[in-house]
Amino acid sequence: MDNSEPKKTCCENIRNFFTSAKFLIYMGHALSTWGDRMWNFAVAVFLVELYGNSLLLTAVYGLVVAGSVLLLGAIIGDWVDKNPRLKVAQTSLLVQNCCVIVCGVLLMLVFHFKGQLVELYNGWILTTCYILVITIANIANLASTATAITIQRDWVVVVAGQDSSKLADMNATVRIIDQLTNILAPMLVGQIMSFGSHFIGCGFISGWNLCSMCVEYMLLWKVYQKTPALAVKGGQKEPQQELKQLSPTKELENGQSPEESSQPLMNETSGATSPDSSKQQGCCFPVAEPFRTFKAGWVAYYNQNIFFAGMSLAFLYMTVLGFDCITTGYAYTQGLNGSVLSLLMGASAIAGICGTVAFTWVRKKCGLIRTGFISGVAQFACLILCVVSVFAPGSPLDLSVSPFQDLYSHLTGETPLPEVDHSFTSVNVTTVAPAEELPPLQSYMSVSLLFAGVIAARVGLWSFDLTVTQLIQENVIESERGVINGVQNSMNYLLDLLHFIMVILAPNPEAFGLLVIISVSFVAMGHTMYFWFAFKSLGSRLFLCCQPEQKVETVDSPSLPTTV
């Protein structure tokens, strides 16, 4: 037996790695996220271009996407839980890519025949095309959500087995892939649209998704074959039991398992399908099924032992301190050009990658729960720079300007009166006009501190995100991973939606400082909730980083052991 070990050459080890289930998941995820990032970037540009350089269609699309995930997150997760893993992965993959392909073809037709479509039926045909594009793109996003839940939150856990360190490494690698594709994919499709046209860009994205869909489908099948544990789901005793979808009456005949009886979601679902109640059910019962699933999913999420950890992550979405359209728009008002912003985005991606690497190292030294606590402290400390930037020289903060001024004028259609113009002139004298006369260090000090804090905080942010992700993976029972992660996505979108509403109510650059302070306050509240969860789990041992976390017994979770 000792002679068999040295026989493995370097080439064989490399071949084994490239054919392993872990690497195949990485490949499939890279292809999937590359297509997603290209489409998410391009669809916003396409909608702006189609509607005469207006952000209306883009705003409507963002609202529809956020609202759909918020309402349907639990239902999507429940569908993931109730169906075989391979069926869920393949179905969501096909739906997502086919919707993107159809959207791309439809946009190509609109770009090519836009002049004729405007004249048909007073433009109603063109409006119908806009509605179709937004609807189909929203379906693609919902399918992408299902894919992310089943692959990143379920398949990765099964492939890692009971090895918490392997799970942490896989989560970190998946997040690094996300960071890289988030930068490189928009750059590629942006260059194609710049040197070609929007028509060519649509065709390229459609062709990419067609080819990627075939390769991803094959990779999923290979991973499924190499990991027999994927054929078994929680509560099923036979390996192939997953392939035979049990009816509700059959589950009642076999009786409930202890896991089912201890979970609110299982009680709700099984109770809703009892024979006695089915006699009194009318034709409206199937219609109400999604509402019952929605309620049961949120109740199950609330009763999870990692509830406060999940809520803490959701609260981090209520912020303007990220590289989205809001922050970049504010940067433009402060004199930063596209070249500088692209460099800042690159630095943000590098900081995010450092955060994922730091997560694996700190987790090995201090344990998973302490890693989240340390990451939260690091993120909040860096965001103090953003608060300082609000009061630094060059900041446009002016509390004499009403944050609702622009909103009121847009809603009423009234133009500012001359008296208001004088007040704005006084504001311009104190903020915009002197900016050209001030030295560069002083005029850019505020925005420099802002982005320094945002970029530095990415290290703690991504490390914290990975911590909460792994806590959910390890502490949620297998039969509820889908619905709990679906509700978690809904919570994230809810807080993200609230931050957009906050910006709509106060869109002036003069009010951006208030938004920064509110954002940091929500981050502080989120990390306070995580501290409460961590202290309940570890007690005073939370502050003893040298001691390993043996088991989070105070969490009292029926899931995987969290030995670190």
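Close-up 1. Asn 485 is found in helix H22, which spans residues 481–505; helices here are DSSP runs of H or I with at least four residues, strands are runs of E with at least two, and both are numbered from the N terminus. With a relative accessible area of 4%, Asn 485 is buried, a term that stands for under 20% relative accessible area, whereas exposed stands for over 50% and partly exposed for what lies in between, with a 1.4 Å probe and protein chains only.

Two notes apply to every view. Residues are numbered from 1 along each chain as its sequence is written, and side-chain values use heavy atoms, with hydrogens and water left out. Because the model is predicted, local features need pLDDT of at least 70 and side-chain atom pairs count only at pLDDT 80 or more, while totals for chains, interfaces and linings use all residues.

**Close-up 2. Gln 488, also a residue of helix H22.** Gln 488 is found in helix H22 and is buried, with a relative accessible area of 4%. Leaving aside residues up to four places away in sequence, Gln 488 touches Tyr 301, Gly 310, Leu 313, Ala 314 and Ile 472. The C-alpha atom of Gln 488 is separated by 7.9 Å from that of Gly 73, although the two residues are 415 residues apart along the chain.

**Close-up 3. A salt-bridge network around Asp 178.** Salt bridges link Arg 37, Arg 175, Asp 178 and Asp 465 in a network, a salt bridge being a side-chain nitrogen of Lys or Arg within 4 Å of a carboxyl oxygen of Asp or Glu. The side chains of Arg 37 and Asp 178 meet at 3.9 Å, N to O, and this pair links distant parts of the chain, with Arg 37 in helix H2 and Asp 178 in helix H7 (residues 164–195), 141 residues apart. Arg 37 is partly exposed at a relative accessible area of 21%, whereas Asp 178 counts as buried at 11% relative accessibility. A salt bridge also joins the side chains of Arg 175 and Asp 178, at 3.5 Å, N to O. Because Arg 175 and Asp 178 are three residues apart in helix H7, about one helical turn separates them, and Arg 175 is buried, with a relative accessible area of 6%.

Close-up 4. The side chains of Asp 78 and Lys 82 meet in a salt bridge of 3.2 Å, N to O, and both residues lie in helix H3 (residues 56–82), four residues apart, which is about one turn of the helix. Asp 78 is buried, with a relative accessible area of 9%, while Lys 82 counts as partly exposed at 35% relative accessibility. Eight salt bridges are present in the structure.

**Close-up 5. Helix H2 packed with helix H4.** Helix H2 (residues 21–50) and helix H4 (residues 85–112) pack at an angle of about 30°, with their axes 12 Å apart; axes are lines fitted to C-alpha atoms, for helices over the stretch in contact, and angles run from 0 to 180 degrees between N-to-C directions. H2 and H4 are therefore roughly parallel to each other, since angles under 35 degrees count as roughly parallel, over 145 as roughly antiparallel, 65 to 115 as roughly perpendicular and the rest as oblique. The contact is made by Ser 32, Asp 36, Trp 39, Phe 46, Glu 49 and Leu 50 of H2 together with Gln 96, Val 100, Cys 103, Leu 107, Val 110 and Phe 111 of H4.

**Close-up 6. Helix H2 packed with helix H3.** H2 and H3 pack at an angle of about 140°, with their axes 7 Å apart, and that angle makes H2 oblique to H3. In this contact, Trp 39, Asn 40, Val 43, Ala 44, Leu 47 and Val 48 in H2 meet Leu 57, Thr 58 and Tyr 61 in H3.

Key
Contact means heavy atoms within 4.5 Å.
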